[in-house]
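Here's a quick briefing on how the inside of this protein is packed. Have a look at the sequence and structure first, then read on.

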Amino acid sequence: LVVLLLILAGVAAAGLRTQTAAAAHLSTIVCTTGPTFNLETADGYAMFPDGNTIYFWGFADSDSGGDFQYPGPTLCVDEGDSVTVNLSNTLAEPVSIVFPGQTSVSASMVSGSGNNGLFTLEANPGETVQYSFTASQPGTYLYESGTAPHKQIQMGLFGSLVVRTAMDTSTEHFAHNDASTEFNPEYEYLLLLHDIDPDLHRAVELGTTYDVTTKHDRYWTINGRSNPDTLFGNGVPWLPNQPYGAMVTIREYDATDNPLPTLIRYANAGMENHPFHPHG
C-alpha cells in the first residue's frame, strides 16, 4: 500500500500544476537541534485527504511552544554528544520514551516519584522524567513511547532521532563515517512511516475500551501525511499539526553543478512491514 501511495504520488505530481520543483524541495529534513531537548506530551487532531480528522497524542517541543504535531520533532545530534531528553507528561496516564539502537540509556525523575515501567522509567501525569545517553553511532533511529506501545505509539507518541557523523564539517556531510558516503546537505530527506486504525484513536478520544487484536489499519502515512498531502512542502498552513512534507526531489548528476548524491533516511514507526520501493 505504501508502494501504491508512491505511485499515486508520482501520478498526482505530474498533473499538479501548483507543485513546482522548488516547492517540493521544501520537504527536506527539518531538525530540532540538541543535544538537550525539552519535550512534553500533547494532543490534537490531524487531517486526512478524505476529509476525516483523527485524534492523536504526540511529543511536542516545549521550547517552541509545546504545540501538538504528528509525528514528533526530529531530534538531531552529533556523534559523541551527551544527549539529554526531558519529558513532561500532560496526559492522564503514564508515558515514557525508549530509544531503540542507543545503549546505556539512563533515566531519572526531575519531578514526581515516577513509575518503573516494563521498558523504562515512566512519568506519571504531571511529572517530568529525564533520559540521558551518548550518541555513539551515526544513523537514523526512532524514539517512541515505551509505555503500552501497542496503544501509545499508534496514538502518535513517536519521532525520529538523527545522529550525524563525527566526520561532518561545515562544508562536508556524510551518511556514515566513510568518505564515500558524502552527500549534498541541501538534499537530505527523512521518510517516517506509520499506520493508523481510526477505531483505536476514537476509543481513546471517548475513553472507551479497544481490543488491539481487532486492529485494522485504514490510513498509512509518510511523515504524518497521506497522499496527496505528502506532495506539499514543510509547514503548509492547511496542515498546522502535520508540519513535514514527504516529496523527495533528486537532481541529475553533474560533475560540476551537482556532484554529490541526495540522502534519504527511512524509518518505520508502524506495526506493519512495508516493502518500500523508491522509483528511480
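Are Phe59 and Tyr143 buried or exposed? Keep in mind that this is a predicted model. Phe59 turns out to be buried, and Tyr143 is buried too.

**The cores**
- The largest nonpolar core has 28 residues, and Leu87 and Ile97 are the ones with the most contacts inside it.
- Several elements supply at least two residues each to this core, including β2 (36–47), β3 (53–61), β10 (139–144) and α4 (198–206).
- There's also a second, separate core of 16 residues, with Phe68, Leu192, Tyr219 and Ala267 among them.
- As background, nonpolar side chains tend to be buried together in soluble globular proteins.

**Around Ile97**
- Leaving out residues up to four places away in sequence, Ile97 touches Leu39, Phe59, Val85, Leu87, Thr120, Tyr131, Tyr143, Glu144, Ser145 and Gly146.

**Aromatic pairs**
- The count of aromatic pairs comes to 9.
- One of them is Phe48 with Tyr219, a tilted pair at 4.8 Å centre to centre and 45 degrees between the planes.
- Phe48 sits in the loop between β2 and β3 while Tyr219 is in strand β13 (residues 219–222), so this pair ties together parts that are 171 residues apart in sequence.
- Phe48 and Tyr219 are both buried.
- The ring centres of Phe59 and Tyr143 are 5.7 Å apart with planes at 40 degrees, so that pair is tilted.
- Since Phe59 belongs to strand β3 and Tyr143 to strand β10, their pairing ties together parts 84 residues apart in sequence.

**An aromatic cluster**
- Phe48, Phe56, Tyr70, Phe158 and Tyr219 make up one aromatic cluster.

Terms used: Residues numbered from 1 in each chain as written. Predicted model: local features only at pLDDT ≥ 70, side-chain atom pairs only at ≥ 80, totals over all residues. Heavy atoms only, no water. Core = buried A, V, L, I, M, F, W, Y, C linked by side-chain atoms within 4.5 Å. Buried < 20%, exposed > 50% of the residue type's maximum accessible area, 1.4 Å probe, protein only. Helix = DSSP H or I, 4+ residues; strand = E, 2+ residues; numbered from the N terminus. Contact = heavy atoms within 4.5 Å. Phe/Tyr/Trp six-rings, centres within 6.5 Å; stacked < 30°, edge-to-face > 60°.
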